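Please consider each point with the model in view.

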Amino acid sequence: MHFTDTARLFCRGYGDDNIIGVLNKLWQISFDKRLGKGLYSLANNTLGAFWEGDLFGGIWSQNYIGMYCWTPLMPDALFTYHVNSYRRLFDAQSDGATKDYRGEAVPAGALPEYINYRKEIGGVARYKVDEYIAETVPYEDFWVEGTAAMVYCFGELILTTRDRQLLNQYLSRLESACEWLHSRVDENGLLAVGPAGTLIEREYGATYLGNLKYERGYPAGAMVWYIAANRQVAELEKMGGRPEMFERFSSYAKSALESLPQLFTRDGYLVNYMDWHGNPHGVVGAKQHGYFESNPNHDALALEVVNRQDAEKIYMVMKSADGLFNQYGQVRCVHPVHDDCMPNHAHGINPQPNPDVGPRNDGASLMHEHGPGEHWNGGIWFCSQTRMLMAQYMLGKHRDILKPLERHLELYREGMLHDQIKGDGETTPYSKNSKHVMLDFFEVPGAGLRGLFEYRYLWDRLLIYPHMDPTIEQYEQIQPVRYGTKKIHLKVDNKDRGYVKKAVLNGETLKEVNDLNVQIKYDRLEHVENLLEIEI
C-alpha cells in the first residue's frame with residue numbers, strides 16, 4: 001500500500017476551506033525547511049536532540065512538555081531528536097548520589113529542571129529552578145511536578161513506539177521517578193511540595209512563614225501530573241508483562257485521585273494549591289489569593305484526570321472568568337495576579353538588604369517577602385496554551401480553537417517565535433529580536449493537529465477519538481499517525497457530524513468501535529502503511 005507524502009500538505013478535505021488551510025499552515029511552519037524557522041532549526045546535531053534554542057541554550061523539561069503533542073505525528077527524519085531529548089533528561093536523573101551544582105544531594109528519582117548546553121558551561125544539569133534565586137537562600141524545592149510531567153510524556157512515547165529496547169532501558173528510571181514522587185505524599189494523600197517545585201516554579205511560594213522562611217504546600221498541578229504519570233507507568237508495566245508492578249502504580253494513581261477533591265473549590269475547579277495551614281490559594285474573588293490558575297485545570301482536562309462531567313464544569317468556570325482568555329482566545333496562565341510568589345525576579349514585597357549576596361549578582365542584591373510577581377502573571381505561555389487546546393478539542397469546543405490557532409500563525413508572520421507573549425499580545429523584552437526561535441512556539445501547532453484525533457496509547461491498543469469540526473464534511477489526513485513500526489492514514493466522512501458510526505481498517509470493518517472512539521489493537525495492523533476510514 002503506497003501513499004503520497006509531502007512535507008507541505010498535512011490534510012485535505014471538503015467543507016470549511018479556512019480550517020483546512022489553517023491546519024496545513026500549522027504543519028508547514030513546523031516542518032517546511034524552505035521557511036527556515038521550524039522544528040528543523042531546533043534539532044541540534046551536536047546534541048542529537050531538540051533544544052530550547054540559542055537564547056537559552058539547553059533542554060528545559062518544563063518547556064518540552066508540550067512536545068508530547070508531536071509524538072504521534074512527527075516526521076521520521078526528526079523523531080530520533082525527539083526521543084533523545086527525553087533520553088538526555090532521564091540519563092541525568094539522580095541515583096541518590098547525584099549532587100546539584102551547590103553540592104546538595106539530589107533525591108533518587110528526581111529529574112533535572114534543565115540541562116544547560118551553552119558552550120561556556122557544557123551539559124550541566126540543574127535540579128532546581130534556581131537561576132533567579134539568590135544562591136545563599138537554598139529553600140527552593142526539587143523539580144517535583146516537572147518530574148511527573150516528563151514521566152508521562154516519555155512514557156507515552158514508549159507506548160507509542162512499542163520500543164522494547166527503550167522500555168527495558170528506561171522503565172526502572174520511570175519507576176524510580178514515581179517512587180520518589182510517592183515518597184512526597186503526605187498523610188492527607190496529597191503531594192507536599194516546597195517553593196519552586198511546580199511548573200509555575202518561581203510563582204509558587206508554597207507556605208510563607210515570615211522572616212524569609214517557607215514550608216511546603218499542596219499544589220493541584222503536581223497531583224494532576226502525578227496521577228497521569230502513574231497511570232502511564234502502569235501501562236508500561238502491562239506492556240512489560242509485570243502484573244504486580246502494574247497493580248502498584250495503578251494503586252498510586254487511584255489513591256491520589258481519591259485525594260484530589262480536597263483541592264477543588266465549591267464551584268468545581270482546582271485551586272492553585274492549598275498551603276500548609278489548609279488555606280486555598282487561587283479562588284476567584286477571594287480577598288486573599290483571589291486569582292485563577294489555569295495550568296492545573298486545563299491539565300486535568302487534557303490528561304483525562306477528571307471525568308467528562310467535571311471537565312465541563314471546569315471549562316465553564318474558565319470561560320466565565322472574566323479576562324482569563326484574551327481577545328484571541330489564548331489562555332492566560334494566571335489572572336489577574338499572584339500575591340504569593342517567591343522572592344526575586346521582580347517578585348515580592350518589602351525589599352530587605354541581603355548582606356550575603358555580592359554586588360555582581362544582578363537582581364539578587366535585595367531579598368523580598370512573599371508577594372506579587374510578574375513572570376507568569378497575565379502572560380500567554382505557549383506550552384500551557386498547547387494543553388489548553390488539547391482540552392478544548394477533547395470537549396468539542398471547536399468555536400474556541402480556531403481563533404487562537406489563527407493568531408499563532410499571525411505571530412509567526414510577525415517573527416514572535418518564542419516561549420511566551422504578554423496577555424494581550426505585547427512583546428516581551430526578547431521578542432523584539434526576531435532571530436530568536438524557541439521550541440515552545442511549535443508545540444501549539446502540534447496540539448492544533450494532534451487534537452483532531454487525540455490518540456490514546458495503551459499497552460496493547462490505540463484509541464482514536466475523532467474531534468472533527470462540524471463544518472468539515474470530509475477529511476483526509478495525508479500525514480500518517482505513528483504506532484509502533486506501523487503508520488495509519490485517516491479518512492473521515494463527517495456528514496452527519498455526530499458520533500462514530502463505523503470504522504474500516506484496510507477494507508475490513510472493525511468491531512472495536514463505540515460512540516466516541518475507534519480501538520485498534522497493534523496486531524490488527526497488517527501493513528507498514530494502513531488506511532483507517534471512519535464514518536461519523
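1. Lining of the largest cavity. Helices α1 and α11 each supply at least two residues of this lining, and α1 gives the most, with three residues. Helices here are DSSP runs of H or I with at least four residues, numbered from the N terminus.

2. Basis of the values. This is a predicted model, in which local features need pLDDT of at least 70 and side-chain atom pairs count only at pLDDT 80 or more, while totals for chains, interfaces and linings use all residues. Residues are numbered from 1 along each chain as its sequence is written, and side-chain values use heavy atoms, with hydrogens and water left out.

3. The lining residues divide into eight nonpolar, one polar and one charged. Ala, Val, Leu, Ile, Met, Phe, Trp, Tyr, Cys and Pro count as nonpolar, Asp, Glu, Lys and Arg as charged, and the others, Gly among them, as polar.

4. Helix α12. Is this helix, residues 443-450, mostly covered or mostly uncovered? It is mostly covered, as eight of its eight residues are buried (under 20% relative accessible area, with a 1.4 Å probe and protein chains only). These buried residues pack against α1, α2, α4, α10 and α11, where contact means heavy atoms within 4.5 Å.

5. Aromatic pairs. The whole structure contains 25 aromatic pairs, that is, rings of Phe, Tyr and Trp (its six-membered ring) with centres within 6.5 Å; planes under 30 degrees apart count as stacked, over 60 as edge-to-face and the rest as tilted. Tyr64 and Tyr86 form an edge-to-face pair, at 5.2 Å centre to centre and 85° between the planes. Tyr64 lies in α2 and Tyr86 in α3, so the pair ties together parts 22 residues apart in sequence. Both Tyr64 and Tyr86 are buried.

6. A charge over a ring. The charged end of Arg407 sits over the ring of Tyr328, 4.3 Å from its centre. The criterion is NZ of Lys or CZ of Arg within 6 Å of the ring centre and within 35 degrees of the ring normal.

Methods
Buried < 20%, exposed > 50% of the residue type's maximum accessible area, 1.4 Å probe, protein only.
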